[in-house]
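The following paragraphs lead the reader through the structure shown below.

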Amino acid sequence: MLKAGPASLTAACPMAEMRFLGRFFVNLSSGRRSRRRYDWVRAQLRLPPGSEILEVGCGNGDLAARMAEGFALARCVAVDLDPRQVAAARRTLARRYPEGAPAAIEIREADMTRLPFPPASFDAVLAFEALHHAGPDHHDFERVSDALGEIDRVLRTGGALVYEDFVHTDRLRAWLTEHGYAIGPVVRRRRRESVIARKPLLRS
Ligand SMILES: C[S@@+](CC[C@H](N)C(=O)[O-])C[C@H]1O[C@@H](n2cnc3c(N)ncnc32)[C@H](O)[C@@H]1O
């Protein structure tokens, strides 16, 4: 069952919206790219069946569907700030599951810098090419660190942040290390990094 999200937050952060061409290309190649990403996450991340995960900046929702199926998740919430991307994700699910999407999958409109979930809600958070979009422009790290703070809040202790990005790569790892995360594995392709970072069980 697909759940409706809160009212649009786009007005609060208009610069974070992707332009038409950006959305077009992101959604166009998304199937092959999300299969590669899914295969990598599957090989690197241990998530017991029944786990609960969140994907921020979910785009067209293809990865979230693969995750929900492949990991037998109890809950897979995929959020995006842009209502057009939320609609695209709902269309992806409608095509993939003509009889109705699994109840575990929720698509919602939400801002990764103000996540509408209680603390410690998820075992893993995914952010693929999404974190640098948190800011009004891609060079602004302040909003990205707000997003990291929110992700940290909703992650359970020992939970994993799985991300891929090509902007702020050093600052992302620095923020996570400062907050006690164990970084690794890290895969680099040119400027792009794919990272799994574990939230500490205890924080000093
Ligand atoms: C480059 S796209 C990546 C989409 C998808 N993860 C993929 O790799 O195909 C970035 C996505 O982040 C979304 N986004 C931008 N700012 C956001 C925010 N503050 N909160 C949640 N999503 C956001 C955009 O609408 C867009 O769908």
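This is a predicted model: local features need pLDDT of at least 70, side-chain atom pairs count only at pLDDT 80 or more; totals for chains, interfaces and linings use all residues.

Arg190 is exposed, because the number of other C-beta atoms within 10 Å is 6, and a residue counts as exposed at 12 or fewer. Arg190 is placed in the loop between E6 and strand E7 (192-198). Its phi is near 50 degrees, which is a positive value in a residue other than glycine. The two strands E6 and E7 form a hairpin with 2 residues between them, and Arg190 belongs to the turn.

How many of the 8 residues of E6 are buried? The number is 0, so E6 lies largely in the open. The strand E6, which covers residues 182-189, also contains Pro185. The peptide bond that leads from Gly184 to Pro185 is cis, with omega near 5 degrees.

An open sheet is formed by 7 strands in the order E3-E2-E1-E4-E5-E7-E6, and the pairing is mixed. Its edge strands are E6 and strand E3 (105-109), each of which pairs on one side only. On average, neighbouring strands of the sheet are turned by 15 degrees against each other, direction ignored. Strands of a sheet pair through backbone hydrogen bonds, in either the parallel or the antiparallel sense. E1 and strand E2 (residues 75-80) provide a parallel case, with 5 bridges. Val56 has Val79 in E2 as its bridge partner.

Helices pack on this sheet. Helix H3 (residues 62-70) touches E1, E2, E3 and E4, and its direction makes about 170 degrees with that of E2. H5 likewise packs on the sheet, where it touches E1, E4 and E5; its direction makes about 145 degrees with that of E5.

Which residues of H5 are buried? They are Arg143, Val144, Ala147, Leu148, Glu150, Ile151 and Val154. Seen down the axis of H5, these buried residues fall within an arc of 160 degrees, so they line one face of the helix. An α-helix has 3.6 residues a turn, so residues three or four places apart point the same way. The buried residues of H5 pack against strand E1 (52-56), E4, strand E5 (155-165) and helix H6 (169-178).

Leu131 touches Val144, Ala147, Tyr163, Asp165 and Leu172, leaving aside residues up to four places away in sequence. The C-alpha atoms of Leu131 and His168 are separated by 9.0 Å, although these residues are 37 residues apart along the chain. Glu129 also lies in the loop between E4 and helix H5 (142-154). Glu129 is partly exposed, because it has 17 other C-beta atoms within 10 Å, a number between the limits of 12 and 20. Its phi is near 50 degrees, a positive value in a residue other than glycine.

The protein as a whole can be described last. It has 6 helices and 7 strands, and from the N terminus on its elements run α-α-β-α-β-α-β-β-α-β-α-β-β. Buried residues make up 42% of its 204 residues. Of the contacts with a separation of 6 or more, 71% are between residues 24 or more positions apart.

Conventions. Residues are numbered from 1 along each chain as its sequence is written. Helices (H or I, at least four residues) and strands (E, at least two) are DSSP runs, numbered from the N terminus. The arc is that of the directions from the helix axis to the C-beta atoms. Two residues are in contact if their C-beta atoms, placed from the backbone, lie within 7 Å. Two strands pair if DSSP finds at least two bridges between them. Axes are lines fitted to C-alpha atoms, for helices over the stretch in contact, and angles run from 0 to 180 degrees between N-to-C directions.
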